[in-house]
Amino acid sequence: MSTSTRSASLLWLAVTGAAAAALMGMSGLSCAQGFPAIGPLPAKKAPNPGQVEMGRRLFFDPRISGDGAISCASCHDPKQGFTRQVDNKGKPQALSDAYPGTSHFRNSPTLINTTYKAGFANAGWGWAGHMGADLNDVVRDMLTETLVMNMDMRLMHERMKQDPVYVKMCQESFKGECSSGKARSALVAFMDTLVSRDAPFDTGKMSDEAKRGRGLFEGKAGCIACHNGPYFSDAEPHNTGVPENMEVFKDPVRHLTYRAAMSNHGVPRTEIWRRDVGYFLASKNYADVGKFITPTLRELKYTAPYMHNGVFSTLAEVVDFYDRGGGRDDPLAAELKPLGLSAEEKKDLIAFLESLSSTAPVTVQPVADIPKEYAPIKNFLGAHN
Ligand code: HEC
Ligand code: HEC
């Protein structure tokens with residue numbers, strides 16, 4: 001939808017909000033007019049099962065990181081909604097781990113339904129839309145970025161060729177020798193399987209609370225203005241004024257990692273920023289500082305903490321934040337204003353948000369047979385792959 005249609009419909013909402021709310025009760029008319037309808041995600045073509053299996057193995061395999069210390073699952077843990085909520089000691093964790101020697105400045109996003117971002121016309125992946133034009137690209141970023149897995153793609157396929165399991169998988173599912181391209185396709189096939197299942201919103205088994213919450217979501221609370229369509233995102237950057245997570249600036253390693261990332265994206269004067277520049281990373285337009293791409297609202301039950309920097313630990317905190325009209329920034333998204341929700345209405349809205357999560361958590365079994373140690377190769381100078 002173009003910006004002008006959107007602002008026109010917002011204006012309509014503002015002017016006729018009260019009248020429309022009254023009408024809604026009478027005729028079932030929706031205040032959500034003008035925004036792409038929320039609804040079940042469209043079914044996707046099932047990926048090749050052999051490729052999915054190879055992707056699952058790679059996902060849990062630390063050998064595809066530079067120093068063999070971390071796998072995709074280290075930061076996107078299938079037991080934690082494919083994100084990280086607690087560290088290895090069980091302490092709540094807002095900001096992601098990163099490659100040994102660095103610390104990340106963002107919350108690790110869930111991978112459930114990430115395959116649906118492919119339908120977005122112009123938004124990239126990652127909180128700020130600064131990553132990848134397609135999912136295959138994002139996988140390459142994750143593998144090669146120094147702050148993520150710091151892997152050399154040539155080394156990666158050499159390592160794969162040393163594992164008879166991958167050699168067989170590459171032959172069977174890709175009809176050829178292992179390559180980094182095949183590894184990336186396999187990881188994409190694996191992520192294609194990580195989709196919501198039986199969310200009450202999709203199956204129509206919503207509680208009365210959740211149904212009332214939906215009314216608020218599409219009406220009085222105005223969430224639909226940005227969280228719309230089956231993925232609950234308009235794929236656009238907005239500034240909602242989420243407070244900074246000052247850990248990024250207090251922790252010297254996180255700060256250095258952040259500065260390096262800004263520098264790699266061509267952000268000027270990396271030493272002066274005391275905030276996450278957000279979509280500015282991608283656009284280099286100062287009006288975009290502090291904007292983030294609207295994230296999906298599916299699977300929130302399993303993916304706390306929330307926002308790009310994990311500053312909110314519960315949905316109640318998020319709803320209170322919006323009730324206050326968002327955070328403080330200039331310019332703040334025009335769609336945000338204090339909502340005046342009652343305690344009852346807040347509960348209903350949270351019940352609706354929870355109805356967008358699968359009944360049972362989407363997860364996968366870890367791969368157990370990944371070798372950790374190798375016997376030395378005798379006469380290695382004479383040995384060939
Ligand atoms: C060291 C931690 C870490 C590792 C390891 C890691 N990721 Fe990530 N991943 C992140 C963080 C943090 C982000 C968000 C980055 C941002 O927005 O700046 C992210 C973002 C993503 C996204 C974008 C999600 C979205 O919806 O926008 C995908 C897809 C992804 N990772 C897949 C993978 C895959 C596949 C692997 C393994 C090859 C992997 N990641 C390894 C931390 C990690
Ligand atoms: C102006 C557009 C806009 C409106 C209106 C809006 N949101 Fe958001 N929402 C966003 C953006 C952008 C983010 C990500 C912000 C960030 O990470 O800093 C977000 C993040 C969230 C998150 C965190 C998701 C996660 O995985 O971390 C939740 C939950 C949420 N919004 C719920 C709501 C609810 C409920 C409403 C209505 C009361 C609402 N939003 C209204 C744009 C909007």
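The centres of domain 1 and domain 2 sit 24 Å apart, taken over C-alpha atoms. Domain 1 covers 50-192 and domain 2 covers 197-354, with bounds that come from an automatic or database domain assignment. This is a predicted model, in which local features need pLDDT of at least 70 and side-chain atom pairs count only at pLDDT 80 or more, while totals for chains, interfaces and linings use all residues. Residues are numbered from 1 along each chain as its sequence is written, with chains lettered from A and ligands numbered from 1 in the order in which they are written.

- Domain 1 puts 26 residues into the contact and domain 2 puts in 33, where contact means C-beta atoms, placed from the backbone, within 7 Å.
- The side of domain 1 that touches domain 2 splits into 13 nonpolar, twelve polar and one charged residues. Here Ala, Val, Leu, Ile, Met, Phe, Trp, Tyr, Cys and Pro count as nonpolar, Asp, Glu, Lys and Arg as charged, and the others, Gly among them, as polar.

**Around ligand 1**

- There are 27 residues around ligand 1, and Cys 72, Cys 75, Ser 96, Trp 125 and Gly 126 come nearest; a residue is near if its C-beta atom, placed from the backbone, lies within 6 Å.
- Helices are DSSP runs (H or I, at least four residues), numbered from the N terminus.
- The shell around ligand 1 comes out at 17 nonpolar, seven polar and three charged residues.

**Around ligand 2**

- Ligand 2 is surrounded by 27 residues, with Cys 223, Cys 226, Tyr 306, His 308 and Ala 333 the closest.
- α13 (315-323) and α14 (343-354) each supply at least two residues of the shell around ligand 2; α13 gives the most, three residues.
- By class, this shell has 19 nonpolar, seven polar and one charged residues.

**How α2 packs on α7**

- The axes of α2 (residues 49-59) and α7 (residues 180-192) come within 7 Å and cross at roughly 100°. Axes are lines fitted to C-alpha atoms over the stretch in contact, and angles run from 0 to 180 degrees between N-to-C directions.
- α2 and α7 are therefore roughly perpendicular to each other, a label for angles of 65 to 115 degrees.
- On the α2 side, the residues include Met 54, Arg 56 and Phe 59, and they meet a set in α7 that includes Ala 183, Leu 187 and Phe 190.
- The residues of this α2 and α7 contact divide into nine nonpolar, three polar and one charged.

Definitions and conventions:
Parallel < 35°, antiparallel > 145°, perpendicular 65-115°, else oblique. Contact = placed C-beta atoms within 7 Å.
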